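Hi,

Here is the structure I promised to send over.

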Amino acid sequence: MPRVSLSWALILGLLSGIGPLCTDFYLPALPEITQQLQATSTQTQLSLTAALIGLGLGQLFFGPLSDRIGRLKPLALSLLLFIFSSAMCALTRDINMLIVWRFLQGFAGAGGSVLSRSIARDKYQGTLLTQFFALLMTVNGIAPVLSPVLGGWIITAFDWRILFWAMAAIGVVLLLLSLTVLHETLPVKSAASVTQQQDEAPVLKNRRFMRYCLIQAFMMAGLFSYIGSSSFVIQSEYAMSAMQFSLLFGLNGIGLIIAALIFSRLARRFSAEALLRGGQLLAVTFAAITLLFAWLPQPTLALVGLFFTVSMMSGISTIAGSEAMNAINASQSGTASALMGTLMFVFGGIAAPLAGLGGETMLKMSLAMTLCYLAALLIGLKKPRPTV
């Protein structure tokens with residue numbers, strides 16, 4: 001029986017962390033970028049939106065491509081584009097061009113996200129895949145922990161452009177690691193396997209896969225409600241500094257890591273369905289408690305509840321993600337991973353602005369998270385249907 005490779009988990013986890021790196025690393029620099037490029041806050045926020053759109057659309061490109069030509073070539077292409085676009089973001093003097101380069105940066109970064117899941121599915125299945133996904137979530141969780149803290153520290157000492165040069169340097173390191181440590185995992189297609197692939201049901205018609213995908217997408221929508229509003233809530237409503245917000249954001253990121261590890265351990269003793277439903281019930285409960293404390297209001301208790309509400313997302317995503325990839329054939333893993341990632345970013349991109357309509361508050365943010373988690377729970381309570 002194959003064993004989970006820690007070196008592969010480290011590299012693939014870092015690759016999947018490119019998405020959070022794109023979104024979280026430069027958040028503390030948004031006011032400075034607005035001032036230096038003589039832009040409005042709306043224009044600067046569009047650079048974040050552009051990156052999110054790129055992260056969603058890029059997965060639809062790199063995923064199916066990897067099913068046809070293999071994993072390593074699309075991965076190398078995505079990292080080269082990421083390095084180039086990061087450098088162009090650092091060099092630009094115009095807010096509109098920054099938005100363009102941020103879209104390309106997100107598009108390129110999507111390759112790491114989609115291919116890390118595809119490669120994991122090529123190598124593992126069942127409980128081993130769940131454990132590997134947990135390792136991915138653990139390594140991936142480092143990005144939201146460190147990104148805002150490091151970003152906040154860097155802009156206090158250097159110009160905001162250094163942030164994008166740092167992203168380019170990270171891309172170079174990941175490219176070298178990928179080319180020297182990883183190897184091609186897509187099985188060579190024989191005539192029989194090609195015929196079998198043609199007879200397989202399309203990914204969109206795989207009901208088990210779509211069920212787990214939607215659970216993960218709604219959980220991600222809840223997380224993006226938090227990501228999109230927390231900076232304003234913590235700094236404006238709760239009057240904390242940018243560094244205090246970064247530390248709090250990082251603490252919640254540690255919660256994501258802990259939850260992923262716990263669910264990975266529990267996956268050895270309990271069925272995926274039992275863990276999924278139990279985790280979702282806990283997530284909705286914590287979200288409702290946070291909503292109650294926000295309404296009372298009890299700021300300290302609301303922040304404690306928020307920690308557990310955010311943390312549950314990674315544990316549930318570990319199970320839902322691995323079960324979704326287990327539900328499809330390895331030959332379709334690139335396309336399936338692309339669809340999964342796109343749904344997560346689409347749902348997250350919709351939820352983030354809706355959570356802040358009329359002004360960001362802890363009450364609105366926790367309400368949005370509760371509704372998203374509840375939607376995921378309702379899908380999870382339905383028994384899995386066989387694939388048609």
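A quick definition before the findings: a residue counts as buried under 20% relative accessible area, as exposed over 50%, and as partly exposed in between. Keep in mind too that this is a predicted model.

On that scale, phenylalanine 308 comes out as partly exposed, because its relative accessibility is 38%. Its ring pairs edge-to-face with that of phenylalanine 307, at 5.2 Å centre to centre and with 85 degrees between the planes.

That is one of nine aromatic pairs in the structure. Another joins phenylalanine 218 and phenylalanine 347, again edge-to-face, with the centres 5.0 Å apart and the planes at 85 degrees. Phenylalanine 218 sits in helix 10 (residues 207-237) and phenylalanine 347 in helix 14 (residues 333-354), so this pair links parts that are 129 residues apart in sequence. Phenylalanine 218 is partly exposed as well, with a relative accessible area of 23%. There is also an aromatic cluster, made up of Phe61, Phe62, Phe103 and Phe107.

Now the cysteines. How many disulfides are there? The count is zero. Take cysteine 22: the nearest cysteine sulfur belongs to cysteine 89 and is 8.5 Å away, whereas a disulfide needs the two sulfurs within 2.5 Å. Cysteine 22 is buried, at 0% relative accessibility. Cysteine 372 is buried too, with a relative accessible area of 13%.

Cheers

Conventions. Residues numbered from 1 in each chain as written. Predicted model: local features only at pLDDT ≥ 70, side-chain atom pairs only at ≥ 80, totals over all residues. Heavy atoms only, no water. Buried < 20%, exposed > 50% of the residue type's maximum accessible area, 1.4 Å probe, protein only. Phe/Tyr/Trp six-rings, centres within 6.5 Å; stacked < 30°, edge-to-face > 60°. Helix = DSSP H or I, 4+ residues; strand = E, 2+ residues; numbered from the N terminus.
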